[in-house]
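Please open the model in your viewer and keep the selection tool at hand. The tour below goes from stop to stop, saying what to select and what is found there.

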Amino acid sequence: MSEAIDRRHPEFAGSDPIIRPSGRADFQANGALALAKHAEVPPRDLAAGLADEVSAADVIGSVELAGPGFLNITVPDAMIWSQVAARLGDDRFGVAAPERGRRTVVDYSAPNIAKEMHVGHLRTTIIGDCLVRVLDFLGADVVRQNHLGDWGTQFGMLIQYLDEHPDTTWRLDDLDGNTSAVSALDGLYRNSRATFEADADFADRARRRVVALQSGDPATIAVWSEIVAESEKAFRGIYDRLGVLLTADDSVGESFYNPLLTGTVDELVADGIAVDSDDALVILSNEVDGPDGEPVPLMVRKRDGGYGYDTTDLATIRYRIRDLEADRLLYVTDSRQSLHFRLVFEAARRAGWLTEGVRAEHVPYGTVLGPDGRPFKTRAGGTVRLMDLLDDAVSRARAVVAEKNPDLDPAELDRIAEQAGIGGVKYADLSTSRVKDYAFDVDRMVSFTGNTGVYLQYAHTRIRSILRRAGEGSHAVDGGVALDGAERALALALDSYGEVLVDVSMSLEPHRLCGYLYELARAFTSFYEACPVLGSEDPVRGNRLALCRLTARTLGHGLGLLGIAAPDRM
């Protein structure tokens, strides 16, 4: 259709024909409505002329003019079967790689060293992981960055406390199997904080320890390095269980940028971007004013000469653009940091680091709430440990799976429960619009009905079961077979997979992929109920098995991009 527009009106070359799925045909094109005003002709007249031209195309079965200028387009059956066959024969399902040549840095997860990962780390970790997978599949050169909180005054307190309590047990090799090193360190950090606030002499010694850490004192650095290593072991356990792609090589903590802070600040001062304010250095925003009507400041250097979070993020974005040569930067953090990143991006643009050729995007998300709709807390009011949350989901999934299939071997039950529980947690998060809060409801997450990860996993196993019963047989697709309505709906749904992935890569909204996979599973159910597969004769049987194969592959691949297992049996 766009070529027809180009021939009749060259000034509209490349215009979007605005083609969408339609309930009245295979597709509806609405481009004539938008272009008619510029062409100075009635929309219906322009659409009628376009209909005459596109009707002659081999890929068009029929075109009907409707309403004020809509075109309802139907595709020939043979063309649809041709697409099914082509996608079956392509490891990429016919999906292009529009991100090829673009280096994208994705900053996500970012737990704090010596502190346990909690429910607040769930969303950044799995949203970031999904975006990494989708962008990588679409051809981007993805650089994963786990911005660990591994530097600062808190480590002076903790290391000094450990030095003064040499009998304290916190190393993994010295602990019993029920306690992780990071759990022990988390408790010891709280003890050190309490001592710091209650004992002025200890506070002085802790401050001197911070200086020793920052100046590279070998004994202090040795303990700090061990704390980081023990913490990363615990994080690795969480990442492995969640099935995320982060590795130790992706960890680039705040300490990495410490040597870069002075140079970053000097550059900002030399360019007149950072200015003095009450003996501190700040960048006053040109875009954001505070409640008092004054520009909101970004703290570059504190009055005592120290650097904080703002300075580290300025050095980070400078490094990622200059050294990593990023074309796109994604920061997956909660929505409360939106103002902070707006100020950082503004400062980077003023400094000339963030140019027109580089996109920096904050990817904010909402909060995980408890089943009561309030912030998720333990009964004692504390923060929920992420590992406890996953244990609870897997335990509930085990009960649901055992009830549905009581004859499962215990080892098989454990495997399926782990996949269903973890998949249920991840899908519940990813299927929610990223910017919205959602309630963590385990019973709903592991349900076999409704828009859940377990439902999609079970749909995949059902199709795999059909294919096992069908045996090998022919994989040929006969384009001369007439399409049933349910076959047509399923084939067209399969055909839109690539568009959905591109949409996710641009909007950074994983829930759009979740919604697609759910609707695909429902389309398959309607197809299977309306169209006998195993009981049909060839070539109908072969074509319907082809639809089964392509649906299973697409469902499995889509779940994989969400970071969710697609089991063959359940």
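How many aromatic pairs does the structure hold? The structure holds 15 aromatic pairs, where rings of Phe, Tyr and Trp (its six-membered ring) pair if their centres lie within 6.5 Å, and planes under 30 degrees apart count as stacked, over 60 as edge-to-face and the rest as tilted. Before going further, note that this is a predicted model, in which local features need pLDDT of at least 70 and side-chain atom pairs count only at pLDDT 80 or more, while totals for chains, interfaces and linings use all residues. Residues are numbered from 1 along each chain as its sequence is written, and side-chain values use heavy atoms, with hydrogens and water left out.

**Aromatic rings**

Select Tyr257 and Tyr319, whose ring centres are 5.8 Å apart and whose planes stand at 75 degrees, so the pair is edge-to-face. This pair links distant parts of the chain, since Tyr257 lies in helix α10 (residues 254-257) and Tyr319 in helix α12 (residues 309-322), 62 residues apart; helices (H or I, at least four residues) and strands (E, at least two) are DSSP runs, numbered from the N terminus. Both Tyr257 and Tyr319 are buried, where buried means under 20% relative accessible area, exposed over 50% and partly exposed in between (1.4 Å probe, protein chains only).

Next, select Phe341 and Phe345, where the ring centres are 5.9 Å apart and the planes at 40 degrees, so the pair is tilted. Phe341 and Phe345 both belong to helix α13, four residues apart, which is about one turn of the helix, and both of these residues are buried. To finish with the rings, select Phe93, Tyr497 and Tyr516, which ring pairs link into a cluster.

**Salt bridges**

Side chains of opposite charge can pair when their charged atoms come close. With a salt bridge taken as a side-chain nitrogen of Lys or Arg within 4 Å of a carboxyl oxygen of Asp or Glu, the count comes to 36 salt bridges.

Arg342 is partly exposed at 43% relative accessible area, and Glu287 is partly exposed at 39%.

Now move to helix α8 (residues 200-214), where Arg207 and Asp204 lie three residues apart, about one turn of the helix, and form a salt bridge whose closest N and O atoms are 3.1 Å apart. Arg207, at 46% relative accessibility, is partly exposed, and Asp204, at 36%, is partly exposed.

For a network, select Glu116, Arg385 and Asp388, which are joined by salt bridges that share partners.

**Two helices in contact**

Finally, select helix α5 (residues 122-137) and helix α21 (residues 540-561), which pack at an angle of about 125 degrees with their axes 8 Å apart; axes are lines fitted to C-alpha atoms, for helices over the stretch in contact, and angles run from 0 to 180 degrees between N-to-C directions. The two helices α5 and α21 are therefore oblique to each other, as angles under 35 degrees count as roughly parallel, over 145 as roughly antiparallel, 65 to 115 as roughly perpendicular and the rest as oblique. Cys130, Arg133, Val134 and Phe137 in α5 meet His557, Gly560 and Leu561 in α21, contact meaning heavy atoms within 4.5 Å.
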